[in-house]
Amino acid sequence: MFSSSLKRLIRRPSVQIASRKYVSTPGVFQVFDREVKRLQKDRAASDADQSRLVDYVKDEVAARVADRLLDVKRDFNTVVDLGSGCGHIVKHVTKDMMKKLVMCDMSVEVERRVVDEEGLPFERDSLEAVVSCLSLNWVNDLPGALIQIKNSLQPDGVFIGAMFGGDTLFELRTSLQLAEVEREGGISPRVSPMAESSDMSRLLSRAGFTMTTVDVDEIQVNYPSIVELMQDLQSMGEKLHGHPDGTIPATFQIIYLIGWKEPANTPQPKTPGSAHISLKDTLGTTN
């Protein structure tokens, strides 16, 4: 039997995990209410003590993003952290990696530069590198946001990001669906739609990035019950199957993205048929 508090949790409106498929359309379908998302971030930021207690997932992902940035053997002057939140990435970078990190977030409660990921204020060809840790999931026009990031980068600039993948919180989704089917005879969308890794590979290429890399990782956290899981998700500003010991696992699938803006001096392929020397003659081959 479900407790009354758990029943209220199950019946609370939210949004379903589903694969987000992107196609070229004249308009942008508004999946997310950006003002509601800003209010969620403001609420999480306003209770700093509670928010710091649930930073473990974002801090872990930020450390892995920073590690990928460290692999780029280059001395950066300025790096932009898009969707910085309270500053997860800054905890894992050093002055040896960059001279300055500009933290940007849409929340007015966060003492950073206020920037909405759907409308970047940066000039074209002005940034050396852009990093983003778990903030692009809630962008309605994700292809457009990636194009804006690419356009803001200098030639040979790099974008390194992380997003929640489509299998995130599949245990919670399955548990809520089974409970609702049993009691209501149907299911409602309850977790936000998320992209698949194959989607992100195509979107990076579509945005104009070169030498793209997409890899997937998983982080699993065990909770005493579904109540603690829901409370932590709310404190994070984010919108089961149990173990034998009674704990509830929550799997966070993370998609890591790397894309480069093409350098200005990149050699371009010649037009087919424009060669003046025969490869057969050069190699000395015969029929």
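How many aromatic pairs does the count come to? The points below take up this question and then the rest of the predicted model.

1. Aromatic rings. The count comes to 2 aromatic pairs. One of them joins Phe164 and Phe252, whose ring centres are 5.9 Å apart and whose planes make an angle of 40°, so the pair is classed as tilted. Phe164 counts as buried at 5% relative accessibility, and Phe252 is likewise buried, with a relative accessible area of 2%. A further ring contact involves a charged side chain: Arg68 lies over the face of Tyr256, at 3.8 Å from the ring centre.

2. Confidence. The mean pLDDT of the protein chain is 78, and 74% of its residues reach 70 or more. Over residues 1-26, however, the pLDDT is below 50, although this stretch has 61 contacts in the model beyond near neighbours in sequence. Where pLDDT is low, the predicted coordinates should not be read in detail.

3. The largest nonpolar core. This core holds 38 residues, and the members that touch the most others are Val61, Phe252 and Ile254. Two or more residues come from each of several elements, including helix H4 (56-70), helix H6 (170-184), strand E5 (153-164) and strand E7 (248-260). Strands E1 (76-82), E2 (98-105), E4 (127-133) and E6 (210-223) also give two or more residues each. Val61 is in contact with Cys133, Leu134, Ala162, Ile219, Ile254 and Tyr256, once its neighbours within four places in sequence are left aside. Apart from this core lies another, of 25 residues, among them Cys104, Leu136, Leu142 and Leu203.

4. Leu69 and Met98. Leu69 lies in helix H4 and is buried, with a relative accessible area of 4%, while Met98 has its place in strand E2 and is buried as well, with a relative accessible area of 5%. Not counting residues up to four places away in sequence, Leu69 touches Phe76, Met97, Met98, Val131 and Ile160. With the same exclusion, Met98 touches Leu69, Phe76, Asn77, Val79 and Val93.

5. A buried aspartate. Asp81 is found in strand E1, and its relative accessible area of 1% places it among the buried residues, because buried means under 20%. Leaving aside its neighbours within four places in sequence, Asp81 is in contact with Ile89, Leu101, Val102, Met103, Cys104, Val131 and Ser132.

6. Cysteines. The count of disulfides comes to 0. Cys133 is in no disulfide, and the nearest cysteine sulfur, that of Cys86, is 9.9 Å away; a disulfide would require the two sulfur atoms to lie within 2.5 Å. Cys133 is buried, with a relative accessible area of 5%, and Cys104 also counts as buried, at 1% relative accessibility.

7. Helix H5. Is helix H5 (residues 142-152) largely enclosed or largely open? Of its 11 residues, 9 are buried, so the helix is largely enclosed by the rest of the structure. The buried residues are Leu142, Pro143, Gly144, Ala145, Leu146, Ile149, Lys150, Asn151 and Ser152, a list that includes a lysine and an asparagine. What covers these buried residues includes E1, E4, E5 and helix H7 (197-207).

8. Backbone angles to check. Most residues other than glycine have a negative phi, and most peptide bonds are trans. Asp125, in the loop between strand E3 (113-114) and E4, has a positive phi, near 60°, and is partly exposed, with a relative accessible area of 36%. Met211 also has a positive phi, near 45°; Met211 has its place in strand E6 and is exposed, with a relative accessible area of 59%.

How values were computed:
Residues are numbered from 1 along each chain as its sequence is written. This is a predicted model: local features need pLDDT of at least 70, side-chain atom pairs count only at pLDDT 80 or more; totals for chains, interfaces and linings use all residues. Side-chain values use heavy atoms; hydrogens and water are left out. Rings of Phe, Tyr and Trp (its six-membered ring) pair if their centres lie within 6.5 Å; planes under 30 degrees apart count as stacked, over 60 as edge-to-face and the rest as tilted. Buried means under 20% relative accessible area, exposed over 50%, partly exposed in between (1.4 Å probe, protein chains only). A charge sits over a ring if NZ of Lys or CZ of Arg is within 6 Å of the ring centre and within 35 degrees of the ring normal. A nonpolar core is a set of buried Ala, Val, Leu, Ile, Met, Phe, Trp, Tyr and Cys residues joined through side-chain atoms within 4.5 Å. Helices (H or I, at least four residues) and strands (E, at least two) are DSSP runs, numbered from the N terminus. Contact means heavy atoms within 4.5 Å. pLDDT is the predictor's confidence in each residue, from 0 to 100.
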